[in-house]
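Trainee: I have a new structure open and would like to get my bearings. Can we go through it?

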Amino acid sequence: MRAAVLRGVRDLVIEQRPVPRAGAGEVLVRVSAVGVCGSDVHYYEHGRIGDFVVEAPMVLGHESSGVIVSVGGGVSPDRVGERVSIEPGVPDLTCEQCLAGRYNLCPAMRFYATPPIDGSLAEFVVVHAAFAHTVPDSMSDDAAALLEPLSVGVWANRRAGTTAGSRVLITGAGPVGLVAAQCAIAFGATEVVVADINPHRLALALELGATGVIRVDETPISDSGLEPTILLECSGHPGSTRDGILAVARAGRVVLVGMGGDELALPLSHVQNREIEVTGTFRYANTWPTAIALAASGRVDVDRLVTGHFPLDRTEDALAAGKLDPTSVKAVINPAS
């Protein structure tokens with residue numbers, strides 16, 4: 001099979017590798033679609049994200065869907081032919097965090113395309129059977145792959161406690177910000193405002209249901225008059241994070257979703273005086289059933305995020321799309337083409 005292998009900074013090759021075999025409790029999936037994530041781009045351009053460093057050749061990709069073509073021991077053969085969305089992190093299922101239901105915090109997590117674990121940007125991939133989630137035939141391959149970033153949006157809103165009547169500010173209109181906005185609406189928020197500098201993405205946010213947008217290079221958040229009860233910070237930009245926190249209402253909640261630098265200057269007196277809760281979010285846990293239901297019902301439209309399709313041998317073009325085209329939102333790679 002072919003796989004997109006990152007060997008070093010801006011050193012990516014399409015390599016021939018043996019087709020893997022499903023072991024006990026596993027399934028072999030023919031990959032149909034893989035979304036390009038900012039982490040894939042970051043590894044390609046810098047070779048590392050924080051403490052995770054590419055020290056050996058690694059297959060990129062973790063937003064993926066496909067079709068089960070064979071199963072290992074202990075898995076029903078009836079699953080062959082199922083269309084699935086792949087949850088790309090497999091925990092050990094035995095540690096304290098896993099047993100408490102927080103498997104996203106498992107210290108032994110093996111997460112696709114996080115060094116040294118290979119990702120799914122290949123023609124075939126082996127998946128733990130429990131993490132290959134069946135999707136309805138009405139769902140596109142693209143949408144099934146993008147249930148992964150949708151799960152980030154679901155998890156962020158769960159961590160925020162978004163509910164009926166919530167006033168939500170989302171800083172950052174990238175793919176995660178756009179799905180987080182749609183999830184907030186689906187969770188019952190009555191006001192969902194998205195802030196960014198990209199007019200194309202802000203227009204898309206309105207199309208997808210946001211009640212308002214702020215182009216922050218023209219109108220600072222501080223001049224908007226907003227007082228959200230929830231901030232979902234999806235940009236990773238220190239300035240946007242600070243401005244967003246300063247706008248949050250008393251007893252509000254801040255969820256840091258976007259990955260920026262290792263440290264952040266926090267307006268501490270503001271946080272303390274208003275008793276604002278600030279928390280981080282790391283991936284997701286137990287989100288796929290909700291994500292499938294939201295996408296299948298049309299409550300969240302992830303297909304609308306897709307702005308380009310690329311064959312496997314144009315993986316580098318897909319990785320560069322976001323920087324070269326201001327209208328690009330989500331590139332999808334089709335390994336079979």
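Mentor: We will take the overall build, then the cores, then a few local spots.

Trainee: What should I know about the model before we start?

Mentor: It is a predicted model, where local features need pLDDT of at least 70, side-chain atom pairs count only at pLDDT 80 or more, and totals for chains, interfaces and linings use all residues. Residues are numbered from 1 along each chain as its sequence is written, and side-chain values use heavy atoms, with hydrogens and water left out.

Trainee: How many helices and strands are there?

Mentor: The protein has 10 helices and 20 strands. Helices (H or I, at least four residues) and strands (E, at least two) are DSSP runs, numbered from the N terminus.

Trainee: What about the radius of gyration?

Mentor: It is 20 Å, which agrees with the value near 20 Å for a compact globule of 337 residues. The radius is taken over C-alpha atoms, and the globule rule is 2.2 Å times the number of residues to the power 0.38.

Trainee: And how much counts as buried?

Mentor: Of the 337 residues, 53% are buried, meaning under 20% relative accessible area, with exposed over 50% and partly exposed in between (1.4 Å probe, protein chains only).

Trainee: Which residues have the most contacts inside the largest nonpolar core?

Mentor: They are Val-127, Leu-147, Leu-150, Ile-170 and Leu-232, in a core of 96 residues. Helix α4 (residues 147–160) gives the largest share, seven residues. Apart from that core lies another, of 13 residues, including Val-193 and Ile-276. A nonpolar core is a set of buried Ala, Val, Leu, Ile, Met, Phe, Trp, Tyr and Cys residues joined through side-chain atoms within 4.5 Å.

Trainee: What does Leu-232 touch?

Mentor: Leaving aside neighbours within four places in sequence, Leu-232 is in contact (heavy atoms within 4.5 Å) with residues including Ala-156, Ala-160, Ile-170 and Val-255.

Trainee: New topic. Where is the cis peptide bond?

Mentor: It joins Pro-115 and Pro-116, with omega about 5°. Pro-116 is in the loop between β10 (110–111) and β11 (124–128). Ala-113 lies in the loop between β10 and β11 too, and its phi is near 60°, a positive value in a residue other than glycine.

Trainee: Is Ala-113 buried or exposed?

Mentor: Ala-113 is buried, with a relative accessible area of 2%.

Trainee: And what is phi for Arg-283?

Mentor: Phi of Arg-283 is near 55°, again positive. Arg-283 sits in the loop between β18 (277–280) and α9 (288–297), and is buried at 18% relative accessible area.
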